[in-house]
Amino acid sequence: MNPGSQMPGSHDRSLAADLPRLALLSVLGLLFLMPYIWMVSVSLKPLDEVWRASMSLIPETFAIERNYGRVFREVPIGRYLLNGAIVCFGILVFQLAFALPAGYAMAKLNFRGRETLFAFVMLGLLIPAHVPAIPLYIAFAQTGILNTYAALIAPSTISVFAIFMFRQFFRAMPDELIHAARMDGLGEWSIVWRIIVPNAWPAATAFAIFSVVAHWNDLFWPLIAVSGKGELATPALGVIYFRTEEAGDDFGALMAAATITTIPLVAAFLLAQRRFIEGITMTGLKG
Amino acid sequence: MAGIVLDRIEKAFGETRVLKGVSLGFDAGAFVSLVGPSGCGKTTLLRIIAGLERADAGMVSIAGRDVTGLRAADRDVAMVFQNYALYPHMTVEQNMALPLVMRRLSAVERAPFLGRLVSGTGERRTAIKAEVAEAAKLLSIGHLMERRPGQLSGGQRQRVALGRAIVRHPKAFLMDEPLSNLDAALRHDMRRELVDLHKRVGVTTVYVTHDQAEAMTMSDRVAVMLGGNVLQFGSPREVYEQPATIEVAKFIGSPRINILPGEAGAEGRISVVGAATDAVAPRTTGKLDIGIRPEHLVIADDGLAIIVRHVEFLGSEVLVYARDTSGGDHLTVRLDPQAWERAASHETLTVAPQPGKLLAFDAAGNRVGLISTETAAQVQAHVPSRRVPRYV
Amino acid sequence: MSDVALPASLATAPAKERAGHGEALAAWLLTLPAIVAFVLMLLIPTLAVVAIAFTDYELGAPALRYVGLANFAELMEDRGFVTSFRNTAFFVAVTTPVSIVGGLMLALLIEGGTRGRAFFRAVFFLPVVSLMVAMATAFQYMFHPTIGPVNAALRALGIVGPNWLGSSDSVMWTLAIIGVWEQVGFNMVLFLAGLTAISRDLYAAAEVDGVRSAWSRFWTVTWPLLGPTSLFVLTITMIRSLRVFDIVATLTQGGPNKASEVLLYTMYTEGFTFFRMGYSAAITVVFLLAVVVLMLLQTRVLDRRVHYG
């Protein structure tokens, strides 16, 4: 005798009962993936097919060389990807180098001014990254470092969010670990190097993902800091260059450029899904 | 019998068979414990009785009604959870009122503003409030009505959970290790209170616990479970004195029963690790596992020789941890405090079982009935006896 | 055993004081790099931008003059800025509720069963890790009035689709659609975390209490316990929407006719195309105030109501 409603508790549900939910999710999922599907599809199509306005996804003729070739010929897209990697990596290194020790100190060490520093951290969380842009630009322009990797990396080296996050993380770490190290005779510096840094791995990787995604995708600051047709463009900027380059009508090539610059992070995401989601949403599961 | 009947309940999760055909039946108003180590299936069984899980096979009947196909909300049972499961966003009063609100007010009447417009809602809510107050009084939590669960202590939360269960006057209370999150002292007090509550309210109660002492002290009957089966279902006294299997004997009683290798020799005379005893296993020969509880061993002149490893003085009793000299098996002996001097100062002791307290188990783990040598002699001498002597 | 005499060095300063000294020094050394970077890259520039907002500074100009609130006054008169502010408010007002409700619904759907969780989670989260400039370009193709598949599909149904990105009536709506697409996955994951944090026992207790339908379950247990998560999602979404820039810079550059001007884009053009730094700084200050107000709203007004002790 089967009551109409299911017993609550998702173990028991049969495939049949689950189908409506799965069907709905599949339809929505397909809608969501449309941009990607079309992006790849059009990147493979020759111009005449694109302009035919057909709804077919599979190209009749493949124009891979034409589209992707055009991207590679007209803009140094490989260089842009490399720039993205360099900039993201550079930013991350500095962020960790600054935030990890600071987070630890604020979490575990007792010193006067700790509370004031933390107040500043909280204040910093209120300030979006776009706010310091103008004065930084002026300063970089005056000191002549615009259009360099330094200009792209420097402003993001301070991540108040990272400090906040590491502090939370280290606070959750048992004090005993550090007391034991002190009793074993380790000086403060050794403690940081030998105990804190190795144990910060989970928090560091989660943050790394968050940081890389944010900066790989950043358009605002590179747009400001890189001028002309700089060789220093990041992937986001590179796509913009390509757009203006070919006057926006060659959708095939345009989609090729879009695909090329999107693939790196999407691929990384698909390989390490859970880490990605943890990293990006850690923007305060503490609420 | 208008209590609870379970008939051949089976349940598997994927490949794992958690319940392998459990049948139990007891009267209305009984306090029954399901006790066993973790993984034995007791919680699953409770949830099947509640209607939170559906059995793969078998029947559940509550108060004479076959509820096998009904969902929990339709079974008129109440449940108390290990973690209390109180709604954190509701006050104590709202928590306790919810079961009544859900059952007596329709969806529209429950709605925040619209509800007030429907006539009759007001009276019903007042009635509910009164019933909640009554239950709260019974549990002495009347002064906590406006608080939220987050502001209460563990013991208070437990009472609110109980209150939520009582307020409905259900056909059965189902309790899933409700005391395990409390500290030891509180647990002891709550045990008494639960038993008192049960006496007063008189509702059939099924109580799941892994703590055999809890089960023994609170229940009318105890179901000892292991590996998805009920090994024995009987009164606390029965499972203690007449365990059906060696597993039951090992689970019930603290400190754990001593199991020693023994033998039924000629005419079934029992010897334990070589030492002769006064017990006979009728019509049995061969190897047996002999069980003797620590509290049933006394220091004697004649009996089993043991080497004392360690002695614990607990004030009310003395525990001797020893090894038997011949076989090397471990043994625990519980003695009166007066025996301390003797136990502490000797390296070896001789212990003997109190008469009639030996338990014997065959190779399959089932208990073998024992009788005293006297009775055996009488039987042998063809002394007419109407009744087959029960084991001693 | 007789007492052992303590070596002199150990006997000098009281242990606690000495440890504190070493600790404090280490602490300052550890935080120094962060402090320097904070001051140079965050603190001073922020104060500077506020200061510049009160001047008429233009890049390359020889000198600047203090003009008080003139920039702000101009902002309020400037139709371009007013449109920009309104467009941004529109964008936030549309994307926020849709992406929150959407995220919640997706989370409930995914959490409602065991099959396909990781898969669907990945599908909807993909936009969050994707390069928005590139995806905006893909949307441009999709929403193209003549060759785009969206209008082609509508045509097949007999409907004439609008000029999504090219018409001033529909451009902000189109951008809002893209904005929702971008945000839903993020909110969904936050809600998923909130949902999994709700104890299963509460649902069991509710069932036993007579809470039968999925609808009642949602209102009795799920929604109240999602309180803190929902609040967080609300604030985060509003702030992220406020920061809309990439899609405007890529697709419309504020057009057609300023119909899609948004705060940050206006700030960008004023400051870096026209180099009117003072004016742009004033816009930045407005932007900063908006963000601060939103965050304070969360902590002060709503936070208390939503945490259950």
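A residue counts as buried here if 20 or more other C-beta atoms lie within 10 Å of its own, as exposed if 12 or fewer do, and as partly exposed in between, with C-beta atoms placed from the backbone. The model is a predicted one, so local features need pLDDT of at least 70 and side-chain atom pairs count only at pLDDT 80 or more, while totals for chains, interfaces and linings use all residues. Residues are numbered from 1 along each chain as its sequence is written, and chains are lettered from A and ligands numbered from 1 in the order in which they are written.

Chain B comes to start with. Its C-alpha atoms fill a box of roughly 85 × 45 × 45 Å along the principal axes, and of its 392 residues, 41% are buried. Chain B holds twelve helices and 21 strands, these being DSSP runs numbered from the N terminus (H or I, at least four residues, for helices; E, at least two, for strands).

Strand β8 (residues 204-209) of chain B has six of its six residues buried, so the strand is largely enclosed by the rest of the structure. Thr204(B), Val206(B) and Val208(B) point one way from β8(B), with Thr205(B), Tyr207(B) and Thr209(B) pointing the other way. Strands pair if DSSP finds at least two bridges between them. Strand β3 (residues 31-35) of chain B runs parallel to β8(B) and is joined to it by five bridges; strand β7 (residues 172-176) of chain B is likewise parallel to β8(B), also with five bridges. Tyr207(B) is the bridge partner of Ser33(B) and of Met175(B).

Over in chain A, helix α13 (residues 235-245) and helix α14 (residues 251-271) pack at about 175°, their axes 10 Å apart. Axes are lines fitted to C-alpha atoms over the stretch in contact, and angles run from 0 to 180 degrees between N-to-C directions. The two helices α13(A) and α14(A) are therefore roughly antiparallel (angles over 145 degrees). Among the residues meeting there are Phe242(A) and Arg243(A) from α13(A) and Leu254(A) from α14(A), contact meaning C-beta atoms, placed from the backbone, within 7 Å.

As for chains A and C, their contact takes 82 residues from chain A and 80 residues from chain C. Helix α1 (residues 15-43) of chain A gives the largest share of the chain A side, 13 residues.

Terms used:
Contact = placed C-beta atoms within 7 Å. Parallel < 35°, antiparallel > 145°, perpendicular 65-115°, else oblique.
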